Amino acid sequence: MLNNIITLIIVLLLISCNDSATNETNKQPIKGIDSAKEKTISNIGETLTPEASTLVKDWKEYEIVDENIIEFYSITTDEALSKAKSLSIAAQQLKDSIRIPQFDRLDIKIRLNVFYNNTLRLADMQNITSIESEEVKIEISNILNAFSAINSKINNLTNQQQLEKQLIDFQNN
């Protein structure tokens, strides 16, 4: 009697495990011609102000990421997946190389880490066979938003420094 119950439980477990494995493979991969070849066009996020641009002009790693990210504003999911690894490498180098002392702050580092993690997530999607086109598009949007947040913070810090300088100049006169 006990052996029959144990056998029944094992059979039920095996059947339920096989059903969930079958459901996982039923996802539609990116192989669809329409979804993979259709370009995703995104709005350009916040760009650096001229003052901030002059401040980061010697930050080589930022310039490399900036050049790479431009392609992601109008890109197909296949192109995004193929360029994801190089973007994640550039994002890691950016994160590890804050050259400007004013930007060696926790709030900048957090934004750089978020950007880097999003690029890693996109690079990992390249290895997932059942990834859907919409998921890739969402991750591209997350990457662009994270980069825009970095630019916004750099702009805000640059504006803050200029205002502080003007305030000191005003107080001295």
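The structure is a predicted model, in which local features need pLDDT of at least 70 and side-chain atom pairs count only at pLDDT 80 or more, while totals for chains, interfaces and linings use all residues. Residues are numbered from 1 along each chain as its sequence is written, and side-chain values use heavy atoms, with hydrogens and water left out.

**Overall build**

The chain contains seven helices and two strands, where helices (H or I, at least four residues) and strands (E, at least two) are DSSP runs numbered from the N terminus. Followed along the sequence, these elements come in the pattern α-α-β-α-α-β-α-α-α. Of the 173 residues in the chain, 32% are buried; here buried means under 20% relative accessible area, exposed means over 50%, and partly exposed lies in between, with a 1.4 Å probe and protein chains only.

**How the helices pack**

Helix 5 (residues 77–95) packs with helix 6 at an angle of about 155 degrees, and their axes are 8 Å apart. Such axes are lines fitted to C-alpha atoms, for helices over the stretch in contact, and the angles run from 0 to 180 degrees between N-to-C directions. Helix 5 and helix 6 are therefore roughly antiparallel to each other, since angles over 145 degrees count as roughly antiparallel, those under 35 as roughly parallel, 65 to 115 as roughly perpendicular, and the rest as oblique. Helix 4 (residues 60–70) and helix 7, in turn, pack at an angle of about 140 degrees with their axes 12 Å apart, so this pair is oblique. The crossing of helix 5 and helix 6 is left-handed, and the crossing of helix 4 and helix 7 is left-handed as well, a term used if the near helix is turned anticlockwise from the far one by less than a right angle.

**Salt bridges**

The whole structure holds seven salt bridges, each being a side-chain nitrogen of Lys or Arg within 4 Å of a carboxyl oxygen of Asp or Glu.

Asp107 is buried, with a relative accessible area of 17%, and Lys153 is buried at 18%. Glu139 is buried at 4% relative accessibility, whereas Arg121 is partly exposed at 41%. Salt bridges with shared partners also join Arg105, Asp107 and Lys153 into one network.

**A nonpolar patch**

On the surface, Leu106, Ile110 and Val114 form a nonpolar patch with about 290 Å² of accessible area together. Patches are made of residues with over 30% relative accessible area and no salt bridge, with nonpolar side chains (Val, Leu, Ile, Met, Phe, Trp, Tyr) joined within 5 Å and like charges within 9 Å, and accessible areas come from the Shrake-Rupley method with a 1.4 Å probe, for which only the protein chains shown count as cover for residues. Val114 is found in helix 6 (residues 106–125) and is partly exposed, with a relative accessible area of 42%.
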